[in-house]
Amino acid sequence: KITLGEFLDRWIEIHERNLRLTTSESYRLAVRRIKAIIGDIKLQDVKPSHVEKLYAALQSEGAHRLGGGLSARTAEYVGTVLKKALRYAVETEGLLTFNPVSRVARPKGVPASFNPWSFEELNQFLQVAKTHRLGFYFHLSAFTGARRGELNALRWSDFDGHAITISKNRVMAYGKHVELNTTKGGKNGQRRVPLDPETCALFREHRKRQLLERMALGEAWQDTGYIFTREDGLPIFYSSITDLFNRLTIKAGLRHTRLHDLRHLHATELLRKRVPLHQVADRLGHRDAM
């Protein structure tokens, strides 16, 4: 006799034990969105029409308690979470005879299109960015393809003079900065990324700049070991680097793109230089090349 919302609460408590922290947060957000729309329906009364109602409400501009409409991709993700939960109800708990989500077409929408910078535009941006104390962050992003959370977690002990070892991921989860002792791809959650001579030289310049900041601040400096820090030595905020990227983009007079697109630009340049696909996948931390 339990409602869908009550079942989802019970399901997520069991299921999230095997999820990454950030995935757990996104699942819980999806559960809250489902509960806001069809959570009061009895679990055994859930029909495909209720799933249709869920998708329509999620994509509606006036979606109740959701703060506006969501993209088709986000609505589809919510449906994927619901589908997993109801599969558990069918196959494990035996509470349903079929999964109503599997009988409903996925939400359709216009897929977002992203147009990364050209290599010339990247160089224009980096010329402006190098005047900022964190300008090297963006060079390293573009020349390694590392993710934002991976760069935020880098410590000086991860740089051996020729390459960086990526083994951690500093992310936002449940409103807090969390450092995960693993990252995507690589072997055992870590990978070694070789650097070109110019990037190695810029690495050393960034180190000197940080040492000067440390001496200028004296006892107020807090030694955390991170490569990219705030002025007091503490790790940078997760969102501040994106805000800085957007400000520098405007200053450089370039069209808007995402910080994450520097990763795509790196992959495109490697493929243009005929680097084998599996090597590109390994460098970027993809589990496979497809």
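Guide: Start with helix 2 and helix 4, which are roughly perpendicular to each other. Keep in mind that this is a predicted model.

Visitor: What is the angle between helix 2 and helix 4, and how far apart are their axes?
Guide: Helix 2 covers residues 21-38 and helix 4 covers residues 72-91. They pack at an angle of about 90°, with axes 9 Å apart.

Visitor: Which residues make the contact?
Guide: From helix 2 come Thr23, Ser26, Tyr27, Ala30, Val31, Arg33, Ile34 and Ile38. Helix 4 answers with Thr74, Tyr77, Val78, Val81, Leu82 and Lys84. By class, the contact of helix 2 with helix 4 holds nine nonpolar, three polar and two charged residues.

Visitor: Now helix 6 and helix 8. At what angle do their axes cross?
Guide: The axes of helix 6 and helix 8 cross at roughly 155° and come within 10 Å. Angles over 145 degrees count as roughly antiparallel, so helix 6 is roughly antiparallel to helix 8.

Visitor: Is that crossing left-handed or right-handed?
Guide: The crossing of helix 6 and helix 8 is left-handed.

Visitor: Which residues meet there?
Guide: Helix 6 brings Phe136, His139, Leu140 and Phe143. Helix 8 brings Glu198, Thr199, Leu202, Phe203 and His206. The classes in this contact are five nonpolar, three polar and one charged.

Visitor: How do I read empty space?
Guide: Roll a probe the size of a water molecule over the atoms, and the empty space that is left shows up. Here, take the second largest pocket, with a volume of about 310 Å³. It is lined by 15 residues, and the closest to its centre are Leu126, Lys130, Gly135, His139 and Leu202.

Visitor: Which helices supply at least two residues of that lining?
Guide: Helix 5 (119-129), helix 6 (135-144) and helix 8 (197-217) each do. Helix 8 gives the most, with five residues. The lining of this pocket divides into five nonpolar, six polar and four charged residues.

Visitor: How many cavities of 30 Å³ or more does a search of the whole structure find?
Guide: The search finds one. About 50 Å³ of space lies in the largest cavity.

Visitor: Which residues line the largest cavity?
Guide: Its lining is Arg133, Leu134, His206, Arg209, Gln210, Glu213, Ile227, Phe228 and Thr229. By class, that lining has three nonpolar, three polar and three charged residues.

Notes. Residues numbered from 1 in each chain as written. Predicted model: local features only at pLDDT ≥ 70, side-chain atom pairs only at ≥ 80, totals over all residues. Heavy atoms only, no water. 1 Å grid on protein atoms, 1.4 Å probe; cavity = no way out; pocket = protein on both sides within 12 Å on 5 of 7 lines; lining within 4 Å. Points joined across faces, edges and corners; volume = space filled by probe spheres on them. Helix = DSSP H or I, 4+ residues; strand = E, 2+ residues; numbered from the N terminus. Nonpolar A, V, L, I, M, F, W, Y, C, P; charged D, E, K, R; others polar. Axes fitted to C-alpha atoms, helices over the stretch in contact; angles between N-to-C directions. Parallel < 35°, antiparallel > 145°, perpendicular 65-115°, else oblique. Left-handed = near helix turned anticlockwise from the far one by under 90°. Contact = heavy atoms within 4.5 Å.
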